[in-house]
Structures are given as structure tokens and as C-alpha cells.
Amino acid sequence: MAEVFHRHFFLEGPAGRLEAMLWTSAAPDPACVAVMCHPHPLFGGTMHNKVVYQAAKTLHGRGIPVLRFNFRGAGLSEGEHDRGRGEQQDVRAALDYLGREFPGKQILAGGFSFGAWVGLGVGCEDARVTHLVGLGIPVDNPDSDMTHLRTCAKRKLIIQGANDTFGSRASVESIFAVMPEPKRLVIIEGVDHFFSGKLGEVGAALDAWLNVP
């Protein structure tokens, strides 16, 4: 895809149309393409969330095309919230779209909070996904089973606030310790789940990780 644009559109999802935004890049041969998933829609989460936007901006700054989308029932997306089950199918629809638009490219799948739970779960299983980015992973939420990370051998970056109430430092360090390589954990000191006031550090950590082959 040679054309460079920021495109707001709808992609076809299993429960109806999903509102989406694609940022393409002038890079003639990007190393990969990415999808970033947003936090819990029942608590105001959309693809315009500041943490998701910061991650997308950082990736795009590296010449990586980035897709964001609203889960079913969020924003202008059709369907109803399905507690993470149907949302997994939404992620697969997004991966299918990237596979068609950028055939043969490796895919980075990432997300924040609820989006990390759903996005990384699908990304661990999908062979097209080679890189995973979890921001504020909700390992202390009983509704968010993230045990799949214990056996996921894909390249992983976890960025967590030191005072995150949905994924405590101790809980994140515990699950990180048993994750297979390659992996990196970055703890942002002095912030809660939303990285308030330190989104620049989130972007810097992601950018530094992208420098490692």
C-alpha cells in the first residue's frame, strides 16, 4: 500500500460494523503493522483513549502502520458488549483486515487494560502476530484471565504503572517471571493504572523496545 493517509472507516466484524482508524506510513517497506486495542467500553474506553493514542503515535512515528478500532457497542461500532468473548472475534476481524491490506507483514498486537487482556489473548494464538505489547495488564481482575502469557513465546513488552490497582507490581512481576523469553517489563514509577502525567515515559519505553531486534 503506497498511499499515505489517516483513514476513518468501518471494518466488517462478526457482530456488525466496527468503527476503525488506520494510520498508514510513508515507509516503503515497514517492518511490521500494528493493531492497538482500547480499554473497557463500559467504563468509557474507546480507540481515542490517551494511553492507546500514545502507543499508536509512537508506533506510527517509527513508520509502522497502525490500526485502532472500537469494540462492539463502543463509539459507532455495532453490536453489544460481550465481556471479552465476542471482543476476541473483533480482534480477529482487525487482524484479518491487516492481513488483507498488508499481506505477508508481521503484526504487532497490543492494548491497554481490557484491550491488553483481549488483544494479547488473541495475539498469542494467531500465527500472524509476532510482537505483543501489554499496557496496564489487568492481572488482578478476576474477570481477566491472562495465564496464556505463561506459555506465549512471542516477543513481549509489558508496561505497568507501579501503583496500578488492576495489576499490582507484585502480581505483574510474578507472571512476568514465568513468561518465556523474549520479554521485557517496564515499571513506570509514581503512576496508577492510567499512567497519568507520564504518558511520555510509556511512549519512550515502547520506542526503546522497538530498537531491539
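**Entry 1: terms and model**

I take helices (H or I, at least four residues) and strands (E, at least two) as DSSP runs, numbered from the N terminus. The model I am reading is predicted.

Eight strands form an open sheet in the order 1-2-4-3-5-6-7-8, and the pairing is mixed. Strand 1 (6-13) and strand 8 (183-188) are the edges, each pairing on one side only. From one strand to the next, the twist averages 20 degrees.

Strand 3 (residues 32-37) runs parallel to strand 4 (residues 66-69), and three bridges join them. Which residue in strand 4 is the bridge partner of Met36? I find Arg68 there.

**Entry 2: helices on the sheet**

I asked which strands helix 3 and helix 5 lie across. Helix 3 (residues 114-125) lies across strand 3, strand 5 (106-112), strand 6 (129-135) and strand 7 (155-161). The angle of helix 3 to strand 5 is about 155 degrees. Helix 5 (residues 199-210) lies across strand 5, strand 6, strand 7 and strand 8. I read its angle to strand 7 as about 165 degrees.

**Entry 3: backbone exceptions**

Most residues other than glycine have a negative phi, and most peptide bonds are trans. I went through the exceptions in turn.

The bond between Glu181 and Pro182 is cis, with omega about -5 degrees. I place Pro182 in the loop between helix 4 (169-178) and strand 8.

Arg83 has a positive phi, near 55 degrees, and is not glycine. Arg83 sits in the loop between strand 4 and helix 2 (85-101). Is Arg83 buried or exposed? Its relative accessibility is 58%, so I count Arg83 as exposed.

Ser113, another residue other than glycine, has a positive phi near 60 degrees. I find Ser113 in the loop between strand 5 and helix 3. Ser113 counts as buried because its relative accessibility is 12%, and the cut-off for buried is under 20%.

**Entry 4: cysteines**

How many disulfides does the model contain? I count zero. Cys32 is in no disulfide, and the nearest cysteine sulfur to its own, that of Cys37, is 15 Å away. For Cys37, the closest cysteine sulfur is in Cys124 at 12 Å, which is too far for a bond, because a disulfide needs the two sulfur atoms within 2.5 Å. I also noted accessibility: Cys32 is buried at 5%, and Cys37 is buried at 1%.

**Entry 5: nonpolar cores**

In soluble globular proteins, nonpolar side chains tend to be buried together. I looked for such groups here. The largest nonpolar core has 38 residues. Which of its residues touch the most other members? I list Leu11, Val35, Leu67, Phe69, Val91, Leu98 and Leu149. Helix 3 gives this core its largest share, seven residues.

There is a second, separate core of 29 residues, and among its members I noted Met47, Leu135, Ala205 and Trp209.

I then went back to Phe69 and set aside its neighbours within four places in sequence. The contacts of Phe69 are Leu18, Glu19, Ala20, Val35, Met36, Cys37, His38, Met47, Asp90, Val91 and Ala94. That list includes Met47, which I had noted in the second core. It also includes Met36, the bridge partner of Arg68.

Methods:
Residues are numbered from 1 along each chain as its sequence is written. This is a predicted model: local features need pLDDT of at least 70, side-chain atom pairs count only at pLDDT 80 or more; totals for chains, interfaces and linings use all residues. Side-chain values use heavy atoms; hydrogens and water are left out. Two strands pair if DSSP finds at least two bridges between them. Axes are lines fitted to C-alpha atoms, for helices over the stretch in contact, and angles run from 0 to 180 degrees between N-to-C directions. Contact means heavy atoms within 4.5 Å. Buried means under 20% relative accessible area, exposed over 50%, partly exposed in between (1.4 Å probe, protein chains only). A nonpolar core is a set of buried Ala, Val, Leu, Ile, Met, Phe, Trp, Tyr and Cys residues joined through side-chain atoms within 4.5 Å.
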